[in-house]
Amino acid sequence: MHARRMRSYLTVLMIAALVVVGPSQTLGDVKGEMRVIDADTIEIDGVRIRLFGIDAPEQGQTCTSQAGKIWNCGAWVSSVVRERYEGAHARCEQKDTDRYGRLVATCFVAGTDMAEVLVTEGLAFAYRKYSMDYDFTEKGAAIRGVGLHSSDLQSPAAFRRSATVSDLVAAGCRIKGNISAKGTRIFHSPGQRDYDKTRISATKGERWFCTAAEAEAAGWRPARR
């Protein structure tokens, strides 16, 4: 009798575990209508997703054309990607999670790899530090001279490492994206009460923004005063 009760008890535990875990769950895979945050980051149903294997210019990053003209290629790329993909239905397959808690995933729109399209058209680069998936795709875009390949620019990763406050301010990126002790993302605009005393720490995930709309799209809310 005792053995039968023990087997029944174990069976109940196994069934409960299946209900909780779910054998068909795929942690982090997301489907739905996307909101474009920037050229390589989107959001679906409140889940922030960094596109796997690619890197695009930062919002405040500039490029130099072949004629020597400096232009804001970072803002341009984000606007092109937003115009093309905002509101589109995407299916994203998780690869990893980054240090900011974002899902890192390959996303498909109408069955086509979104990241591959961006690299093909010169709107983003292969992020070879993490993947070689788009290496030849980028080389093809460079040979054709499409998109960003028609200008000179610092790699996005190098720009993030070397950009100083003065660089960002010169580019018009003066909004401070601060993260409170409770983890709340708040941005301070010039002229607000706490703007001058607010300090930005990139190691905490804090950052500078060029516009209030960009900060709100990235998940920050405006400071109340």
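**Disulfides in a predicted model**

Q: What makes the disulfide of Cys63 and Cys73 right-handed or left-handed in this predicted model?
A: Look at the torsion about the S-S bond of Cys63 and Cys73: the value is about 75°, so this disulfide is right-handed.

Q: Why is the link between Cys63 and Cys73 called a disulfide?
A: The cut-off for two cysteine sulfur atoms is within 2.5 Å. Here the S to S distance is 2.0 Å, so Cys63 and Cys73 qualify as a disulfide. The pair links distant parts of the chain, 10 residues apart: Cys63 sits in strand S5 (residues 63-65) and Cys73 in helix H2 (residues 73-85).

Q: How do you know whether Cys63 and Cys73 are buried or exposed?
A: Buried means under 20% relative accessible area. Cys63 comes out at 1%, so Cys63 counts as buried. Cys73 has 0% relative accessibility, so Cys73 counts as buried too.

Q: What makes Cys92 and Cys107 a disulfide?
A: Their sulfur atoms again have to lie within 2.5 Å. The S to S value for Cys92 and Cys107 is 2.1 Å, so the pair meets the definition.

Q: Which hand does the disulfide of Cys92 and Cys107 have, and why?
A: The torsion about its S-S bond is about 110°, so the disulfide is right-handed.

Q: Why do Cys92 and Cys107 count as buried?
A: Set each value against the limit of under 20%. Cys92 has 1% relative accessibility, so Cys92 counts as buried. Cys107 is also at 1%, so Cys107 is buried as well.

Q: What is the hand of the Cys173 and Cys210 disulfide, and why?
A: With a torsion of about 45° about the S-S bond, the disulfide is right-handed.

Q: How many disulfides does a search of the whole structure find, and what is the pairing?
A: The search finds 3 disulfides. With the bonded cysteines of the chain numbered in sequence order, the pairing reads 1-2, 3-4, 5-6.

Note on methods: Residues numbered from 1 in each chain as written. Predicted model: local features only at pLDDT ≥ 70, side-chain atom pairs only at ≥ 80, totals over all residues. Heavy atoms only, no water. Helix = DSSP H or I, 4+ residues; strand = E, 2+ residues; numbered from the N terminus. Buried < 20%, exposed > 50% of the residue type's maximum accessible area, 1.4 Å probe, protein only.
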